[in-house]
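This report covers selected helix packing, a sheet and a chain contact. The structure is shown first, and the description follows.

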Protein chains: 2
Amino acid sequence: MDGFDFRVVARDGRARAGLLRTPHGTLETPVFAPVGTQGTVKALTPAQLEELGASLVLANTYHLMLRPGDEVVAELGGLHAFMQWPGPILTDSGGFQVFSLSAIREVDEDGINFRSHIDGSSRRLTPETAVSVQENLGGDIIMALDECPPPHDRQYNQAALARTHAWAERCLRARRRGDQVLFGIIQGGVFPDLREQSARFLTSLEFPGYGIGGLSVGESKPETYAVLDLLGALLPEDKPRYLMGLGTVQDLIEGVARGMDVFDCVLPTRLARHHSALTHEGRLNLLRSAYRRDARPIESECHCYTCQHFSRGYLRHLVQAREMLAATLLSIHNLHLLMELTREMREAIRGGRFGQMISEWRRVESRGAESRAMA
Amino acid sequence: MDGFDFRVVARDGRARAGLLRTPHGTLETPVFAPVGTQGTVKALTPAQLEELGASLVLANTYHLMLRPGDEVVAELGGLHAFMQWPGPILTDSGGFQVFSLSAIREVDEDGINFRSHIDGSSRRLTPETAVSVQENLGGDIIMALDECPPPHDRQYNQAALARTHAWAERCLRARRRGDQVLFGIIQGGVFPDLREQSARFLTSLEFPGYGIGGLSVGESKPETYAVLDLLGALLPEDKPRYLMGLGTVQDLIEGVARGMDVFDCVLPTRLARHHSALTHEGRLNLLRSAYRRDARPIESECHCYTCQHFSRGYLRHLVQAREMLAATLLSIHNLHLLMELTREMREAIRGGRFGQMISEWRRVESRGAESRAMA
């Protein structure tokens, strides 16, 4: 684990501000990672991402192992060279997508057989191949293979947890590269005892960081936050915690309040491609004819490139005319909003103002604006 | 015509380098204008266009009058504010698209009835509406309404020419704004006598500049260049000449050699969206599996953002995975190539080296590389 360490530099309640050093730069946490599923954050150049202040980018192992293939990425210099992202990269294990994207799959104790959603070919993912694929991809942070059951199925979660734990041990043993860190993934659905069991087992293996999986798959917000409350207290204070796949404004704020450090979510860029802009007063659907002659930016206080230049009327025109620039400009705005939010949270934690920030936010949120905006 | 003038600053044979002053900046000619059909150069932000060194941008009257509507653009501050292009903008008259895009049209002496290709609604374009729409759009250079017949139909060309000339006079009379210039458009198909007749009539009206229309619609290269040879000698030396719709490398070089100043073409950005990269040795089809593991840039000598960062292997992956970034990165490269070419031509003309440049280029071209590349 050359070139890595994690240090909490400030606390406010359970919330922490930290520094996560990687061979490709030091991340200030809490951090939100835009998702570059196929080795590109959709509709944005790396230069635009850098301008947005992005630091960590996520890429999906499942997609890249199928296309262009992890050996191809390795031959072209690994993900940093391939997608030209100079900062830290996190890759997931592929497990989540195998369960959500591939039509046919069979899990056994050794691994998972599945069919590619691209060409229908038979593929197999085991803890060992998940690690070797991620070593080929060459991200800074890689994830252990886990099984993602439906969150409310206790029996399935119990059986899956045994596999997830055995696979975590095998992933640790399979590692070859010294310039990546492998995070374990805590599962257990909505069941506190299973979550606790998972946390206790995986922390005994002394991973350098922990992912919290299985929480963007159909459970309620109170259920999610109950799991985070539990794990925020159980997980070691000196290791980074990565809340996988969650990234609404509410998730970020409530996650940070419960001691989470790293977040990723496709939502801001996916909404952008479906003509939705995040704002502090709810989402705007830019296809609405109400915006046709609207000379205002998405948000008048926003400092992003989009709001500094373009009217809602122009964005509405781009959306209606199906111009690619719509996705680019809305992605810039939506990511900027989340980047600014995490920056504000880091500063608030360092300045001892996070408690105040979150109670103000919850007051506004309880008025329902946020639930309309980010549900 | 406040804020406009045109000055030839250097000549080399028939080729000229000039300065075309507009209220939104001075264009160095020869100049190539990227096409922003619907008020956006597809897949690029204005910031990216500026980085490419673009100076003049074209927008299409036909598209914008139908969607979002020229009154909407006017209400949102005109095209410069709407699409946030700070430099000069040229709008065409809409005539060419009425003839090429709308399914049903009827031409009479007064104007053209047509059906919108978007919603099938009945619309009418006359010289007066073509001018008032372009005044609403607010470009710096606007174009007279013309009729674009098939280039080899003599009878049709003869009849259309009478209308085009009458319409040119009506466009001149219809103008209200003093901060735009109106260019006349010379038609006449491939027929030297008609072209000469058109040039003599329109120059008698003393337009501040001339478009040469009807030359990207099915005629051969020798036919095109014969028309340009003729018009290069007939048109007044002190007025800018705009070769409408042509913009391959060959067209630019052979057009400049014949005294043309302004060019526009959808080709570089359209090819980019169909995974083709222009190079000095022909086009690359980035979908080819040959590029899968190719770590080289599109062109090793190229200084564009794309070639400075990305491998053919990555671009091939983006194309195959249908990622929007493919269109952005290929548009950047293709436009950069044409921007560099026009810059080199300007410098060659100013340095008295254009004759040498063009004979070298023709030597290479005669080996067939260029014809494979840009045909």
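## Helices α8 and α9 of chain A

In this predicted model, α8(A) and α9(A) are roughly parallel to each other, because their angle falls in the class under 35 degrees. Helix α8 covers residues 192-204 of chain A and helix α9 covers residues 221-234; their axes come within 10 Å and cross at roughly 30°. The crossing of these two helices is right-handed.

On the α8(A) side, the contact is made by A:Pro192, A:Arg195, A:Glu196 and A:Ala199, and on the α9(A) side by A:Val227, A:Leu230, A:Leu231 and A:Leu234. By class, the residues of this contact are six nonpolar and two charged, with no polar ones.

## Helices α6 and α7 of chain A

Helix α6 (residues 127-137) and helix α7 (residues 154-174) of chain A have axes that come within 8 Å and cross at roughly 45°. That angle makes α6(A) oblique to α7(A). The crossing of α6(A) and α7(A) is right-handed.

From α6(A), the residues in contact are A:Pro127, A:Glu128, A:Ala130, A:Val131 and A:Ser132; α7(A) contributes A:Trp167, A:Arg170, A:Cys171 and A:Ala174. The residues of the contact of α6(A) with α7(A) comprise six nonpolar, one polar and two charged.

## The sheet of chain B

Chain B has an open sheet of three strands in the order β1-β2-β3, with antiparallel pairing. Strands β1 (5-12) and β3 (25-29) of chain B are at the edges and have a single partner strand each, so one side of each is left without a neighbour in the sheet. From one strand to the next, the twist averages 15°.

Strand β2 of chain B spans residues 15-22, runs antiparallel to β1(B) and is joined to β1(B) by seven bridges. One of the bridge partners in β2(B) is B:Ala15, which pairs with B:Asp12. In general, strands of a sheet pair through backbone hydrogen bonds, either parallel or antiparallel.

## Contact between chains A and B

How many residues does the contact take from chain A and from chain B? Chain A gives 33 residues and chain B gives 33 residues. On the side of chain A that touches chain B, at least two residues each come from α3 (70-75), α4 (78-83), α12 (305-309), α13 (312-320) and α14 (324-350) of chain A.

Helix α13(A) gives the most to that side of chain A, with five residues. The side of chain A that touches chain B is made up of 16 nonpolar, 11 polar and six charged residues.

Technical notes
Residues are numbered from 1 along each chain as its sequence is written. Chains are lettered from A and ligands numbered from 1 in the order in which they are written. This is a predicted model: local features need pLDDT of at least 70, side-chain atom pairs count only at pLDDT 80 or more; totals for chains, interfaces and linings use all residues. Axes are lines fitted to C-alpha atoms, for helices over the stretch in contact, and angles run from 0 to 180 degrees between N-to-C directions. Helices (H or I, at least four residues) and strands (E, at least two) are DSSP runs, numbered from the N terminus. Angles under 35 degrees count as roughly parallel, over 145 as roughly antiparallel, 65 to 115 as roughly perpendicular and the rest as oblique. A crossing is left-handed if the near helix is turned anticlockwise from the far one by less than a right angle, and right-handed if clockwise. Two residues are in contact if their C-beta atoms, placed from the backbone, lie within 7 Å. Ala, Val, Leu, Ile, Met, Phe, Trp, Tyr, Cys and Pro count as nonpolar, Asp, Glu, Lys and Arg as charged, and the others, Gly among them, as polar. Two strands pair if DSSP finds at least two bridges between them.
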